[in-house]
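Dear colleague,

I am handing over the structure below, and I would be grateful if you could look through it alongside these notes.

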Amino acid sequence: MATTDLRLAVRETLPIGLGYVPLGIAFGLFAVSQGFPWWLATITAMIIYSGSMEFIAVGLITGGASFFSTALTTFFVSFRHIFYGLSVPIRQVNPAARPYAVHALTDEAWALLIRPSAKDFSGKRIILTELFCHLYWVFGTTLGAVVGSKLPWDLSWMGFALTALFVVLSIEALETAQQPALLFSIALVCGVAAQLLIPDYMMVGAMTAYAVISVVGGRWLK
(Lines give C-alpha, C1' and ligand atoms only; values in the text may rest on other atoms or scores of the structure.)
Protein backbone atom coordinates (compact mmCIF):
# COMPACT_ATOMS: atom_id res chain seq x y z
CA MET A 1 0.00 0.00 0.00
CA ALA A 2 2.83 2.38 0.92
CA THR A 3 4.52 1.67 -2.42
CA THR A 4 1.29 2.42 -4.27
CA ASP A 5 0.87 5.68 -2.38
CA LEU A 6 4.42 6.70 -3.27
CA ARG A 7 3.99 5.84 -6.95
CA LEU A 8 0.70 7.69 -7.25
CA ALA A 9 2.05 10.73 -5.42
CA VAL A 10 5.05 10.93 -7.75
CA ARG A 11 2.88 10.55 -10.86
CA GLU A 12 0.29 13.11 -9.82
CA THR A 13 2.74 15.77 -8.60
CA LEU A 14 5.14 15.58 -11.54
CA PRO A 15 3.15 18.12 -13.63
CA ILE A 16 3.21 20.46 -10.63
CA GLY A 17 6.95 19.97 -10.37
CA LEU A 18 7.34 21.07 -13.98
CA GLY A 19 5.90 24.43 -12.89
CA TYR A 20 7.36 24.65 -9.39
CA VAL A 21 10.98 24.06 -10.38
CA PRO A 22 11.21 26.91 -12.95
CA LEU A 23 9.32 29.29 -10.67
CA GLY A 24 11.52 28.23 -7.77
CA ILE A 25 14.59 28.96 -9.89
CA ALA A 26 13.17 32.42 -10.59
CA PHE A 27 12.61 33.01 -6.88
CA GLY A 28 16.10 31.80 -6.02
CA LEU A 29 17.64 34.14 -8.58
CA PHE A 30 15.52 37.03 -7.33
CA ALA A 31 16.34 36.37 -3.66
CA VAL A 32 20.12 36.41 -4.17
CA SER A 33 19.81 39.50 -6.36
CA GLN A 34 18.33 41.25 -3.31
CA GLY A 35 21.22 40.29 -1.07
CA PHE A 36 20.08 36.90 0.27
CA PRO A 37 22.77 34.23 0.60
CA TRP A 38 21.76 31.07 -1.25
CA TRP A 39 21.14 29.10 1.95
CA LEU A 40 18.73 31.73 3.27
CA ALA A 41 16.73 31.47 0.04
CA THR A 42 16.49 27.72 0.63
CA ILE A 43 15.37 28.16 4.24
CA THR A 44 12.79 30.71 3.10
CA ALA A 45 11.42 28.21 0.57
CA MET A 46 11.18 25.57 3.28
CA ILE A 47 9.54 27.70 5.96
CA ILE A 48 7.37 30.29 4.20
CA TYR A 49 6.40 28.13 1.19
CA SER A 50 3.59 30.36 0.02
CA GLY A 51 4.36 31.28 -3.59
CA SER A 52 3.76 35.00 -4.02
CA MET A 53 4.33 35.66 -0.31
CA GLU A 54 7.93 34.49 -0.64
CA PHE A 55 8.64 37.15 -3.25
CA ILE A 56 6.97 39.76 -1.04
CA ALA A 57 8.82 38.51 2.04
CA VAL A 58 12.17 39.20 0.41
CA GLY A 59 11.22 42.85 0.01
CA LEU A 60 9.88 43.05 3.56
CA ILE A 61 13.00 41.50 5.05
CA THR A 62 15.50 43.53 3.04
CA GLY A 63 13.42 46.68 3.61
CA GLY A 64 13.47 46.27 7.39
CA ALA A 65 9.70 45.95 7.81
CA SER A 66 8.39 45.53 11.35
CA PHE A 67 7.15 42.21 12.66
CA PHE A 68 3.58 43.52 12.77
CA SER A 69 3.69 44.74 9.16
CA THR A 70 5.16 41.46 8.01
CA ALA A 71 2.58 39.40 9.90
CA LEU A 72 -0.32 41.51 8.64
CA THR A 73 0.87 41.36 5.03
CA THR A 74 1.33 37.60 5.27
CA PHE A 75 -2.19 37.18 6.65
CA PHE A 76 -3.83 39.17 3.87
CA VAL A 77 -1.81 37.59 1.06
CA SER A 78 -2.26 34.02 2.29
CA PHE A 79 -5.66 34.23 4.00
CA ARG A 80 -7.14 31.85 1.41
CA HIS A 81 -5.28 28.97 3.09
CA ILE A 82 -7.66 29.22 6.03
CA PHE A 83 -10.43 27.96 3.77
CA TYR A 84 -8.22 25.39 2.06
CA GLY A 85 -7.80 23.48 5.29
CA LEU A 86 -11.56 23.18 5.73
CA SER A 87 -11.99 21.24 2.50
CA VAL A 88 -9.07 18.80 2.64
CA PRO A 89 -9.50 15.38 4.36
CA ILE A 90 -6.95 16.25 7.04
CA ARG A 91 -8.51 13.82 9.53
CA GLN A 92 -7.01 10.96 7.55
CA VAL A 93 -3.50 12.17 8.38
CA ASN A 94 -1.68 11.01 11.49
CA PRO A 95 -2.06 13.70 14.18
CA ALA A 96 1.72 14.02 14.47
CA ALA A 97 1.96 14.88 10.77
CA ARG A 98 -1.02 17.25 10.61
CA PRO A 99 1.00 20.42 11.32
CA TYR A 100 3.09 19.72 8.21
CA ALA A 101 -0.02 18.81 6.21
CA VAL A 102 -1.42 22.26 7.01
CA HIS A 103 1.90 24.01 6.34
CA ALA A 104 2.40 22.35 2.94
CA LEU A 105 -1.12 22.96 1.62
CA THR A 106 -0.39 25.15 -1.42
CA ASP A 107 -2.85 26.01 -4.19
CA GLU A 108 -1.71 23.13 -6.39
CA ALA A 109 -1.59 20.55 -3.59
CA TRP A 110 -5.05 21.67 -2.51
CA ALA A 111 -6.35 21.16 -6.06
CA LEU A 112 -5.10 17.56 -5.99
CA LEU A 113 -6.55 16.86 -2.56
CA ILE A 114 -10.10 18.16 -3.00
CA ARG A 115 -11.02 15.85 -5.87
CA PRO A 116 -13.91 13.50 -5.10
CA SER A 117 -11.49 10.56 -5.09
CA ALA A 118 -9.31 12.24 -2.45
CA LYS A 119 -11.78 11.32 0.30
CA ASP A 120 -10.39 7.79 -0.01
CA PHE A 121 -6.72 8.85 0.14
CA SER A 122 -4.66 7.42 2.96
CA GLY A 123 -2.89 9.81 5.30
CA LYS A 124 0.45 8.75 3.82
CA ARG A 125 -0.67 9.59 0.31
CA ILE A 126 -1.81 13.05 1.38
CA ILE A 127 1.52 13.75 3.08
CA LEU A 128 3.53 12.36 0.16
CA THR A 129 1.56 14.49 -2.30
CA GLU A 130 2.36 17.62 -0.33
CA LEU A 131 5.95 16.57 0.35
CA PHE A 132 6.83 16.08 -3.31
CA CYS A 133 5.32 19.46 -4.22
CA HIS A 134 7.39 21.01 -1.44
CA LEU A 135 10.57 19.29 -2.57
CA TYR A 136 10.11 20.52 -6.14
CA TRP A 137 9.85 24.09 -4.87
CA VAL A 138 12.84 23.83 -2.52
CA PHE A 139 14.95 22.18 -5.22
CA GLY A 140 14.13 24.86 -7.79
CA THR A 141 14.80 27.66 -5.29
CA THR A 142 18.12 26.18 -4.21
CA LEU A 143 19.22 25.64 -7.78
CA GLY A 144 18.33 29.19 -8.76
CA ALA A 145 19.96 30.67 -5.66
CA VAL A 146 23.20 28.73 -6.05
CA VAL A 147 23.49 29.59 -9.75
CA GLY A 148 22.48 33.21 -9.12
CA SER A 149 25.11 33.61 -6.42
CA LYS A 150 27.79 32.72 -8.99
CA LEU A 151 26.59 35.07 -11.72
CA PRO A 152 28.00 38.62 -11.98
CA TRP A 153 24.83 40.11 -13.54
CA ASP A 154 22.03 42.19 -12.06
CA LEU A 155 19.12 39.79 -11.59
CA SER A 156 16.61 42.04 -9.84
CA TRP A 157 14.37 41.88 -12.93
CA MET A 158 13.59 38.26 -12.00
CA GLY A 159 10.89 39.58 -9.68
CA PHE A 160 8.74 39.95 -12.80
CA ALA A 161 8.45 36.14 -12.94
CA LEU A 162 5.59 36.28 -10.43
CA THR A 163 3.71 38.88 -12.45
CA ALA A 164 4.20 36.78 -15.57
CA LEU A 165 2.82 33.74 -13.73
CA PHE A 166 -0.39 35.53 -12.77
CA VAL A 167 -0.80 36.90 -16.30
CA VAL A 168 -0.59 33.36 -17.73
CA LEU A 169 -3.04 32.01 -15.14
CA SER A 170 -5.46 34.85 -15.93
CA ILE A 171 -5.29 34.14 -19.67
CA GLU A 172 -5.96 30.43 -19.08
CA ALA A 173 -8.91 31.24 -16.81
CA LEU A 174 -10.42 33.58 -19.38
CA GLU A 175 -10.01 31.00 -22.15
CA THR A 176 -12.05 28.44 -20.20
CA ALA A 177 -14.67 30.88 -18.86
CA GLN A 178 -18.17 30.90 -20.32
CA GLN A 179 -18.41 34.71 -20.12
CA PRO A 180 -14.80 35.96 -20.25
CA ALA A 181 -15.66 39.59 -21.09
CA LEU A 182 -17.99 39.87 -18.09
CA LEU A 183 -15.54 38.23 -15.69
CA PHE A 184 -12.66 40.37 -16.94
CA SER A 185 -14.77 43.51 -16.51
CA ILE A 186 -15.73 42.56 -12.94
CA ALA A 187 -12.11 41.80 -12.06
CA LEU A 188 -10.93 45.08 -13.57
CA VAL A 189 -13.53 47.14 -11.69
CA CYS A 190 -12.73 45.36 -8.41
CA GLY A 191 -9.01 45.92 -8.88
CA VAL A 192 -9.32 49.61 -9.77
CA ALA A 193 -11.82 50.30 -6.98
CA ALA A 194 -9.65 48.57 -4.38
CA GLN A 195 -6.58 50.47 -5.54
CA LEU A 196 -8.41 53.79 -5.19
CA LEU A 197 -10.23 53.06 -1.92
CA ILE A 198 -7.86 50.80 0.03
CA PRO A 199 -4.46 50.90 -1.72
CA ASP A 200 -2.66 49.31 1.26
CA TYR A 201 -4.92 46.26 1.03
CA MET A 202 -5.61 46.31 -2.69
CA MET A 203 -5.09 42.59 -3.33
CA VAL A 204 -7.24 41.22 -0.53
CA GLY A 205 -9.92 43.86 -1.12
CA ALA A 206 -10.14 43.16 -4.86
CA MET A 207 -10.15 39.38 -4.37
CA THR A 208 -12.83 39.55 -1.67
CA ALA A 209 -15.05 41.82 -3.76
CA TYR A 210 -14.63 39.60 -6.82
CA ALA A 211 -15.44 36.46 -4.83
CA VAL A 212 -18.58 38.01 -3.30
CA ILE A 213 -19.81 39.32 -6.65
CA SER A 214 -19.13 35.96 -8.34
CA VAL A 215 -20.97 33.96 -5.66
CA VAL A 216 -23.95 36.31 -5.47
CA GLY A 217 -24.12 36.68 -9.26
CA GLY A 218 -23.87 32.92 -9.76
CA ARG A 219 -26.74 32.24 -7.38
CA TRP A 220 -28.82 34.97 -9.03
CA LEU A 221 -28.23 33.53 -12.49
CA LYS A 222 -29.31 30.09 -11.29
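Glutamate 12 is buried, with a relative accessible area of 16%, where buried means under 20% relative accessible area, exposed means over 50%, and partly exposed lies in between, with a 1.4 Å probe and protein chains only. Please keep in mind that this is a predicted model, in which local features need pLDDT of at least 70 and side-chain atom pairs count only at pLDDT 80 or more, while totals for chains, interfaces and linings use all residues. Residues are numbered from 1 along each chain as its sequence is written, and side-chain values use heavy atoms, with hydrogens and water left out.

Glutamate 12 forms a salt bridge with arginine 125, and the closest N and O atoms of the two are 2.7 Å apart; the term stands for a side-chain nitrogen of Lys or Arg within 4 Å of a carboxyl oxygen of Asp or Glu. This pair links distant parts of the chain, since glutamate 12 sits in helix H1 (residues 2-33) and arginine 125 in helix H8 (residues 123-150), 113 residues apart. The structure holds 1 salt bridge.

Leaving aside residues up to four places away in sequence, threonine 129 touches Ala9, Thr13, Leu112 and Leu113.

Turning to the chain as a whole, the protein chain has 11 helices and 0 strands, these being DSSP runs numbered from the N terminus, with helices (H or I) of at least four residues and strands (E) of at least two. The radius of gyration of the protein chain is 19 Å, close to the 17 Å that the globule rule gives for 222 residues, so the chain is as compact as a globular protein of that length; the radius is taken over C-alpha atoms, and the rule is 2.2 Å times the number of residues to the power 0.38. Along its principal axes, the C-alpha trace spans about 50 × 50 × 35 Å. Of the 222 residues, 35% count as buried, and residues 24 or more positions apart account for 73% of the contacts with a separation of 6 or more.

Two further residues may be worth a look in the model. Tyrosine 49 is found in the loop between helix H2 (38-47) and helix H3 (52-62), where its phi is near 45°, a positive value in a residue other than glycine, and tyrosine 49 counts as buried at 3% relative accessibility. Threonine 73, by contrast, counts as partly exposed at 26% relative accessibility and lies in helix H4 (residues 67-78). Threonine 73 touches Met53, Ile56 and Leu60, not counting residues up to four places away in sequence. Threonine 73 and valine 204 are 131 residues apart in sequence and 9.8 Å apart in space, C-alpha to C-alpha.

With kind regards

Definitions and conventions:
Contact means heavy atoms within 4.5 Å.
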